[in-house]
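Have the structure open beside you as you read.

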Amino acid sequence: MTVPSMSLADLQRTMASAVMQPLTAGENMRAKSRDGRPMRKVAASFIAPNSNLTPFERLEIYNRQYWYRVLSALAEDFPGLRAVVGSRKFHALSVAYLDAHPNRSFTLRNLGSHLAQWLAANPKYAGRRHALAVDVARIEWAFVETFDSAEDTPLTAEQIATLDAGSKLALQPHLQLIPLSYPADELVLNLHQRDKKQTSEAGVASEEDEEPPIALPHLRKKPTWLASHRVDFSVYYLRISREEFSTLAAIRQGIGLADALATGFVGSRIPAERRAAQVQQWFANWAELGWICTPPLESIIKD
Amino acid sequence: MSSNRFNAFSNHGVGIGLRIPHYQDIFSRKPVVDWFEIISENFMIDGGRALANLDRILEQYRVVQHGVSMYFGSVTEPDPEHLKRLKQLVRRTGTPWLSDHLCWGSVDGTYTHDLLPLPYTWEAVERTAERVRNVQDFLEIPVAVENVSSYAAFTDSQMTEWEFLNEVVERADCGILLDVNNIYVSSVNHEFNPMDYVNAIPAGRVAQIHIAGHSRYERYILDTHDHPVIDPVWQLYDRAIERCGRTPTLLEWDDHIPSFDEVHNEAKKANKFLHKYAESAAEKVAAEAAQ
């Protein structure tokens with residue numbers, strides 16, 4: 001009986017490193033491994049040939065499959081970003097992002113969880129539309145979160161009326177708060193409509209076709225505070241004020257109601273005498289939208 | 001009869017994979033389908049439309065869970081969050097058994113999202129069997145491991161693939177999801193006789209069978225689940241049913257998915273083989289009774 005030349009752990013680390021190394025521009029496996037060794041030697045150190053394929057060629061099948069799979073999954077979740085930067089740039093940024101952030105989750109759903117943050121820190125991958133691209137990536141990731149996050153039973157208007165200054169609350173899990181540099185929500189909705197139409201006309205998603213960045217309507221930079229939430233399984237976007245956004249963000253952090261409101265109004269131009277009415281209006285809206293819930297029991301006990 | 005403890009003594013017949021393009025047909029026409037197989041990971045979420053659709057399916061149909069990322073052969077331990085969510089889903093669906101692949105795909109917490117082949121070594125046997133046992137104990141339902149299609153073989157392997165499968169399932173005391181298309185694909189890619197594989201598996205442990213189509217390239221075959229089942233695969237299925245008896249059977253079709261009826265009709269071709277051996281089993285019983 002042969003004695004294995006490497007442990008199972010070493011074999012898996014060696015193979016994963018090779019499989020997850022980006023392909024060449026021609027979509028072939030690279031000639032050298034990440035540590036500079038010839039890939040032919042790396043492959044031959046643990047993979048046997050058959051009469052048709054060398055160890056390199058057999059490993060290359062897995063290398064290609066990995067990249068085709070993750071690139072296609074990312075393109076599916078970020079069609080708006082792809083349209084804004086164009087297919088070529090999107091491919092390059094996807095490869096760079098996935099190389100920097102290989103998935104640490106068992107599900108492909110979470111593949112793009114760091115994309116907006118990564119893109120914000122790596123402007124060269126988005127070109128002249130960088131800030132807009134980051135906004136679009138933020139909205140598209142929020143869509144993923146909103147689409148399938150939990151829906152807790154919200155507080156009723158009557159329950160909300162009983163809250164006091166020290167009340168600690170939670171937000172509806174599917175509610176996402178998205179700070180933007182541009183009012184980009186309508187653009188994303190239009191891009192998704194366009195993508196849906198192209199997909200249904202072609203029968204399949206079109207991520208393999210090369211497309212330049214699309215012509216965009218003129219958008220002026222303007223700080224925008226967006227909430228995405230779910231109603232009847234559909235995702236909706238709602239622009240809210242900076243004060244409302246900051247208050248909701250503070251509530252989500254577990255800050256007591258009075259302090260959350262104080263946080264929300266820091267630097268606000270809303271006159272002090274109008275704030276109480278404003279807060280009442282927010283709570284009426286939040287009750288109707290089902291955005292306010294009780295915090296999980298464990299967080300109350302911890303406090 | 002392959003109604004056994006590895007499939008909770010099920011009488012499931014021929015099912016198909018539950019896929020989004022078919023939802024409209026299923027909800028509007030409520031076609032008679034013996035059972036649906038779901039990809040567990042698609043429903044290991046907290047809320048939203050996918051779970052609502054699943055609940056509608058569960059009101060009408062039997063569902064069996066099939067996973068794609070447990071990676072029984074990975075050296076690093078599974079994510080506890082993965083196991084927790086999987087168990088929640090098991091409780092929701094009431095799946096009588098659960099399957100995932102005899103492969104690895106993650107290392108040190110990083111996921112390749114591929115079904116990577118294992119080296120057929122004793123170390124891999126021990127590691128994989130231990131993981132299957134642990135998962136089975138945690139989930140408290142029978143677990144079946146599926147043989148994967150593969151494109152690479154390892155210089156370190158110490159046994160054949162079917163010997164490896166047999167060692168793992170014996171040590172883990174688990175079932176087998178026998179994918180006869182995967183056997184065919186691997187037999188071409190690794191140049192062995194696929195019937196040797198089917199003849200070697202312990203028939204009493206086969207909980208379920210997968211059939212599917214694949215794509216043939218010039219120098220290898222890829223398991224793409226995007227075509228009808230080819231005759232050589234039906235021949236392997238025929239032999240598997242001859243050995244195992246009536247076994248829950250599932251057609252996989254995951255890419256370029258045709259209409260619901262086309263997929264369902266392709267799956268129902270399996271009934272010919274299930275009936276053939278049911279009849280011969282009945283004849284045997286009658287002959288024995290007459291003696």
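## Where the chains meet

Chain B brings 51 residues to the contact and chain A brings 46 residues, with contact meaning heavy atoms within 4.5 Å. Together they bury about 4,300 Å², and carbon and sulfur atoms give 58% of that; buried area here is the accessible area (1.4 Å probe) that two parts lose on being put together, summed over both. Of the area that chain B buries against chain A, B:His113, B:Tyr151 and B:Arg219 supply 16%, more than any other three residues.

Before going on, some ground rules: this is a predicted model, where local features need pLDDT of at least 70 and side-chain atom pairs count only at pLDDT 80 or more, while totals for chains, interfaces and linings use all residues. Residues are numbered from 1 along each chain as its sequence is written, chains are lettered from A and ligands numbered from 1 in the order in which they are written, and side-chain values use heavy atoms, with hydrogens and water left out.

## Polar links and who makes them

Three salt bridges run between chain B and chain A, a salt bridge being a side-chain nitrogen of Lys or Arg within 4 Å of a carboxyl oxygen of Asp or Glu. One of them pairs B:Asp114 with A:Arg69, whose closest N and O atoms are 3.7 Å apart. There are also 27 residue pairs in polar contact between chain B and chain A, both residues at pLDDT 80 or more. A polar contact is a pair of N or O atoms within 3.5 Å; within protein, one must be able to donate a hydrogen and the other to accept it, and residues adjacent in sequence count only if both atoms are side-chain atoms.

On the side of chain B that touches chain A, the elements giving two or more residues include α2 (49-60), α3 (80-93), β6 (110-116) and α4 (122-139) of chain B. Helices (H or I, at least four residues) and strands (E, at least two) are DSSP runs, numbered from the N terminus. The most comes from β6(B), with seven residues. By type, this side of chain B splits into 20 nonpolar, 19 polar and twelve charged residues; Ala, Val, Leu, Ile, Met, Phe, Trp, Tyr, Cys and Pro count as nonpolar, Asp, Glu, Lys and Arg as charged, and the others, Gly among them, as polar.

Strands cross the boundary too: β1 (residues 47-48) of chain A is joined to β8(B) by two bridges, running antiparallel. Strands pair if DSSP finds at least two bridges between them. Here A:Ile47 sits opposite B:Phe154.

## The barrel of chain B

Chain B has a closed barrel of eight strands, in the order β1-β2-β3-β4-β7-β9-β10-β13, with parallel pairing. From one strand to the next the twist averages 30°. For angles, axes are lines fitted to C-alpha atoms, for helices over the stretch in contact, and values run from 0 to 180 degrees between N-to-C directions.

α3(B) covers β2, β3 and β4 of chain B, at about 165° to β3(B), whereas α9(B) lies across β1, β2 and β13 of chain B, at about 140° to β1(B). B:Asp55 and B:Arg92 meet in a salt bridge (2.8 Å, N to O). B:Asp55 is in α2(B) and B:Arg92 in α3(B), so this pair ties together parts 37 residues apart in sequence.

## A sheet in chain A

Chain A has an open sheet of three strands, ordered β3-β4-β5, with antiparallel pairing. β3 (176-180) and β5 (234-240) of chain A are at the edges with a single partner strand each, so one side of each has no neighbour in the sheet. Neighbouring strands are turned by 25° against each other on average, direction ignored.

Five bridges link β3(A) to β4(A), with A:Leu177 partnered by A:Ala227. Helix α10 (residues 242-252) of chain A packs on this sheet, touching β3, β4 and β5 of chain A, at about 135° to β3(A).
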